[in-house]
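Here is a walk through one protein chain, written for someone new to reading structures. Keep the 3D view open and look up each residue as it comes along.

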Amino acid sequence: ARVRPAGFEWLVPGLRAELYTELIRTLPKMYRRLAAPAASFADLLVEDVTPRKAPLAVSVGEALSARVGTTIPASEFHPEALPNHLRMRFEVIGADGDPVSSGYSLTALQKELSARSQDQLVNSLVDDDGPFREWTAESIGDLPDEVSRDIGGVRAVAYPALVVESDGIHKTVCTTPQKRSAAMTRAVIEMLRPGLVSTTQLLKGRPPAQRLALTQYPYGGIDALVADAVVVMIGRILASNGGAPLTASGFAEIRDAARSEVPGGVARMITQVLPALAVLLDVQRSVMSMRENELRDEIRAEVEFLVGRGFLARHARGRLEHLERHMRSIAARIQLAVDNPPKYDALRARVIGIEDEVEEACSALSHRKGGSRQSRELRWSLAEYRVSVYTQQLGTAGSISEKKIRQAIRGLHSP
């Protein structure tokens, strides 16, 4: 645990040129093309960079930025993607001389071993006498804020939580309050979700066209839609009550609120998106008859983002009302590609560049904390931009342009 990762990433002098070359190749395309060919720039960096003066990505980023005339943030490099022969391999040896664990990330290795030790300590602090069928004062009772004990001269602290498994509810422990909060949110949702909403009641009294749109939803049918909506509604109830409870009485209050609010909330939510789902059926039929593979794949990816599995939770509440407009835009775009290919190609040329930039940015964001939310924002902006280009008559939710999207992308690279 006393070994620090600083310095190991630089390897030996004889591998530096290859190391810099492969590190440049981990950059997103928007930066990578500025430093091509990578091997030539790597040779220059051998002279420019002072090894071990700063972290590898920081030093290479600063030197490469000076060469290409554009700031390349250290966060855009991905040393974890380097070939294994260009990464230092660490191995932990136990007291008996046998390997305990190994890996290419010293930090990850230390976390793994720390977690193992912590788990062994904290698991001794809470006895799981489950499984339980339900959470009541008589069965599980209240969960303490934390438990601690001195074990072998080490003070172990744990945060009790619950977990729902196939055989019922079990007691468990987490190593931080944040992990406990996340675990309890998942557990409460799993405890409340079953039986809250009847799909039969949801379909009852609806016109045939609406029932068809719900039952033929291509990403899991009405059951998937209801499950998604139920999770969203329970999440809202938990948020309005300050998060998941730690007491049996608190859980009972959340349960009562869920039984009262979730069925109606789910019905309203699904009714709100039904127009979009109705258009989705037409779009799906058009996509299946397409002969152009590239266009078919593009449409499928866009549709999946907008109304694919989990979309009720993926999009902010205020955006659900705009999904019908987006689906109508996609339907009109498919028809345009059939009726007037030259016009479609001209409009396509206006969006292809910004699409590539958004995809590159989203790829980079996948490595960052909070990147999923930022990716969703970029993809939504791109969807609005497509509407403005292909079907301007449908309008957009606010002003949108290539310039604004590029500003948002640049903002992601700001300190």
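## S375 and its helix

Start with S375, which sits in helix α15, covering residues 371-390. (Helices are DSSP runs of H or I with at least four residues, strands are runs of E with at least two, and both are numbered from the N terminus.) S375 counts as buried, since its relative accessibility is 10%. Buried means under 20% relative accessible area, exposed means over 50%, and partly exposed is in between, using a 1.4 Å probe and protein chains only. Setting aside neighbours within four places in sequence, S375 is in contact with C362 and L365, where contact means heavy atoms within 4.5 Å.

A word on where this comes from: the model is predicted, so local features need pLDDT of at least 70 and side-chain atom pairs count only at pLDDT 80 or more, while totals for chains, interfaces and linings use all residues. Residues are numbered from 1 along each chain as its sequence is written, and side-chain values use heavy atoms, with hydrogens and water left out.

## The whole chain

Zooming out, the chain has 16 helices and 5 strands. Its C-alpha trace spans about 75 × 70 × 35 Å along the principal axes. Of the 415 residues, 42% are buried.

## The nonpolar cores

What do nonpolar side chains tend to do in soluble globular proteins? They tend to be buried together. In this model, the largest nonpolar core has 87 residues, and V262 and M327 have the most contacts inside it. (Such a core is a set of buried Ala, Val, Leu, Ile, Met, Phe, Trp, Tyr and Cys residues joined through side-chain atoms within 4.5 Å.) Helix α10, residues 248-288, gives the most to this core, with 18 residues. Another core lies apart from it and has 25 residues, including L11, Y31, L45 and V49.

Helix α10 isn't straight, either. There is a kink of about 45° at L274, shortly before the proline P275; the bend at a residue is the angle between axes fitted to the seven residues ending there and the seven starting there. The 41 residues of α10 have end C-alpha atoms only 51 Å apart, short of the 60 Å a straight helix would reach at 1.5 Å a residue.

## Salt bridges

The structure holds 18 salt bridges, each one a side-chain nitrogen of Lys or Arg within 4 Å of a carboxyl oxygen of Asp or Glu. D282 is partly exposed at 41%, while R285 counts as exposed at 51%.

Other pairs reach further along the sequence. E377 bridges to R319, with the closest N and O atoms 2.9 Å apart. E377 is in α15 and R319 is in the loop between α12 (311-314) and α13, so the pair ties together parts 58 residues apart in sequence. R333 bridges to E298 at 3.8 Å between the closest N and O atoms; R333 is in helix α13 (residues 323-339) and E298 in helix α11, 35 residues apart.

Note on methods:
The expected span of a helix is 1.5 Å times one less than its number of residues.
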